[in-house]
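This explanation leads the reader through one protein model, from its ligand site to its aromatic side chains and then to individual backbone positions. Please keep the sequence and the structure in view while reading.

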Amino acid sequence: MQPFPVPPDEIPVGGGWQRGGGPASACVDPADGSTVASIHAADSAQVDAAARAGAAAAADPAWRDLLPHRRARLLARVADAIEDHAEPLALLQTRNTGKTLGETRALVASAAGTFRYYAAALETLEGELPPSRGAHLTMSVHEPIGVVGAITPWNSPIASDAQKIAPALAAGNAVLLKPAEATPLVSLALARLVQDAGVPPALLSVLPGPGTVVGDAISRHPLVGKLAFTGGTTTGRVLGRVAADRIIPVTMELGGKSPTIVCEDSDVEETVAGILYGIFSSTGQSCVAGSRIFLPRRQYGEWASRLIAAATALRLGPGTDPATQVAPLATFAHRDKVAAMVDRAREEGAVVRCGGRIPDDERLSRGAYYLPTLLDGLAPDAKTCQEEIFGPVGVLLPYEDEEDLVAQANSTVYGLACGIWTADYRRALRLARRIEAGTVWINTYKQFSISTPFSGTKESGLGTDKGRTAIRSYQRQKSLYLSLADEPIPWARG
Ligand code: ADP
């Protein structure tokens, strides 16, 4: 396997690469605890320099006046560069996040696809000529915001970075990207590829470091005109307040506690495979994880037994082993948090039906592993059924009938995703319309497409990512009136 040169301890700030001015932080491989690299965080002077250089580069006629099809060409070149380096990028991300190579390869392919999609969208997006109601031609134009602050989490760095950088650049902006403190490596590698593809370097600065320091400085910088955030709901609220104070737009992809619903006529093989994938792939570290598993009361025992047997058979191991299904969690601290949440579930009265502990396999003793866990015996309003765990922990919940199901499924502050397993498409569509969620999967789960809009409802998010129109969320709309009148405005006549 081709090794990826581990990025040096340098960050791109306003066009040049330099050592971060903040404290150093180790990037650890959670499969064995080894240190992959050590990266210095950005400091506030670097945030300021990046914002100023970004604003200047965005306003430079060389970028501002670049015709859309020419800007699109640069984005397409970034897609090519990502594809040319796909394997080393995937390996780097596996080492920094623990994810399986299968997953990181898919994330790298998704990042390349995202740049290519926004290149195509940019070339083909059209403006509007609203119908005129007077002697004038009215035009609606869309202009870049200037500098965008993009703040991303540790679970899928390159894909979530690309989903913000590509539409923001397509829209004509500069981007200040703040990757999560523990996982900056693939974002730094991506910045080199973006520059090598010919994008003016000051248009993308990558500023790693703690959210409360570097993320906070980005969000409050006067030149930052929009925030694009993916992460937890608690941080989303903080950034929402900053955006409100500054009166700037913010889009947020936040947490979830998504229901996945088994109906009495669900296909057994398809349903078990889909539910397991929904909660245990990415070791449950996914905002859309199907973490509340609703089973019909009359068949509860059979479905629970099948799911428990299948979860117990999942193969744990390092992300680099092609046989691995469940990799380590991204950090040891996060693994301990997940373990503590399962301990709290026990205190709430949960019955641990499988997992519920760190594996005792000697082979896994150096990594941040946790066994795939299924719990039941909890009331739907227990904290474990309401709060996001972001780990390989699913809760089994019985339901009586459709009304009871809809009431339980919707009884959470979140509204991100939902899975429905049934052979009856009428029932599937009826339920899909009644469940409060931004995305509903029917007889499948965790499938994504950059061309399909993605959003959360309730406390799961604000605004829509992906799809052609995401470009518009990185722009300001302006209306132009061009007079077609032959006479001066009559009011001013003497
Ligand atoms: P998670 O729970 O997935 O770690 P967080 O919301 O804590 O999600 O983190 C997501 C991203 O938000 C990370 O890059 C983190 O550093 C950043 N972040 C955390 N707190 C703040 C803050 N107060 N201001 C700006 N960014 C923040």
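The paragraphs below treat the ligand, the aromatic rings, the charges over rings, and a set of single residues in turn.

The model discussed here is predicted. Which residues lie closest to the ligand? The shell around the ligand consists of 17 residues, and the closest are Thr152, Trp154, Lys178, Gly232 and Thr235. Three of these side chains can be followed to oxygen atoms of the ligand. For Lys178, a polar side-chain atom is found 2.6 Å from a ligand oxygen atom. In Thr235, an N or O atom of the side chain is 2.7 Å from an oxygen atom of the ligand. For Trp154, the separation between a polar side-chain atom and an oxygen atom of the ligand is 3.2 Å. On its own the ligand has 550 Å² of accessible area, and the protein covers 78% of this area.

The shell can also be described by the elements that supply it. Helix H8 (211–220), strand E9 (224–230) and helix H9 (233–246) each contribute at least two residues to the shell around the ligand. Which element gives the most? That element is H8, with four residues. By residue class, the shell around the ligand comprises seven nonpolar, eight polar and two charged residues.

The aromatic side chains come next. Five aromatic pairs are present in the structure. One of them joins Tyr117 and Tyr118 in an edge-to-face arrangement, with 5.1 Å from centre to centre and 85 degrees between the planes. Are these two tyrosines buried or exposed? Tyr117 has a relative accessibility of 18% and therefore counts as buried, because the limit for burial is under 20%. Tyr118 has a relative accessible area of 0%, so Tyr118 is buried as well.

A further pair is made by Trp441 and Tyr445. The ring centres of Trp441 and Tyr445 are 4.7 Å apart and the planes stand at 50 degrees, so this pair is tilted. The class follows because planes under 30 degrees apart count as stacked and those over 60 as edge-to-face, while the rest are tilted. Trp441 is buried at 5% relative accessibility, and Tyr445 is buried with a relative accessible area of 2%. Both residues belong to one aromatic cluster, which Trp441 and Tyr445 form with Phe448 and Phe454.

Aromatic rings also meet charged side chains. The ring of Trp17 has the charged end of Arg192 over it, 3.6 Å from the ring centre. Over the ring of Tyr277 sits the charged end of Lys446, 5.6 Å from the centre of that ring.

The backbone deserves attention at two positions. In general, most residues other than glycine have a negative phi. Asn443 has a positive phi, near 55 degrees, and is not a glycine. Asn443 is located in the loop between strand E18 (439–442) and strand E19 (454–455). With 27% relative accessibility, Asn443 counts as partly exposed. Lys458 likewise has a positive phi, of about 50 degrees, without being a glycine. Strand E20 (residues 457–458) contains Lys458, and Lys458 is partly exposed with a relative accessible area of 34%.

Asp401 provides another point of orientation. Where is Asp401 found? Asp401 occupies the loop between strand E15 (393–399) and helix H14 (402–409). The side chain of Asp401 reaches the backbone nitrogen of Asp404 at a distance of 2.9 Å.

Distances between C-alpha atoms relate Asp401 to other parts of the chain. Asp401 and Ala49 are 352 residues apart along the chain, and their C-alpha atoms are separated by 59 Å. Between Asp401 and Pro12 there are 56 Å from C-alpha to C-alpha, at a sequence separation of 389 residues. Pro12 lies in strand E1 (residues 11–13) and is buried, with a relative accessible area of 0%.

Helix H15 (residues 425–434) contains Arg434, which counts as partly exposed at 34% relative accessibility. From Arg434 to Ala171 the C-alpha distance is 35 Å, and the two are 263 residues apart in sequence.

Technical notes. Residues are numbered from 1 along each chain as its sequence is written. This is a predicted model: local features need pLDDT of at least 70, side-chain atom pairs count only at pLDDT 80 or more; totals for chains, interfaces and linings use all residues. Side-chain values use heavy atoms; hydrogens and water are left out. Rings of Phe, Tyr and Trp (its six-membered ring) pair if their centres lie within 6.5 Å; planes under 30 degrees apart count as stacked, over 60 as edge-to-face and the rest as tilted. Buried means under 20% relative accessible area, exposed over 50%, partly exposed in between (1.4 Å probe, protein chains only). A charge sits over a ring if NZ of Lys or CZ of Arg is within 6 Å of the ring centre and within 35 degrees of the ring normal. A polar contact is a pair of N or O atoms within 3.5 Å; within protein, one must be able to donate a hydrogen and the other to accept it, and residues adjacent in sequence count only if both atoms are side-chain atoms. A residue is near a molecule or strand if one of its heavy atoms lies within 4 Å of it. Accessible areas come from the Shrake-Rupley method with a 1.4 Å probe; for residues, only the protein chains shown count as cover. Ala, Val, Leu, Ile, Met, Phe, Trp, Tyr, Cys and Pro count as nonpolar, Asp, Glu, Lys and Arg as charged, and the others, Gly among them, as polar.
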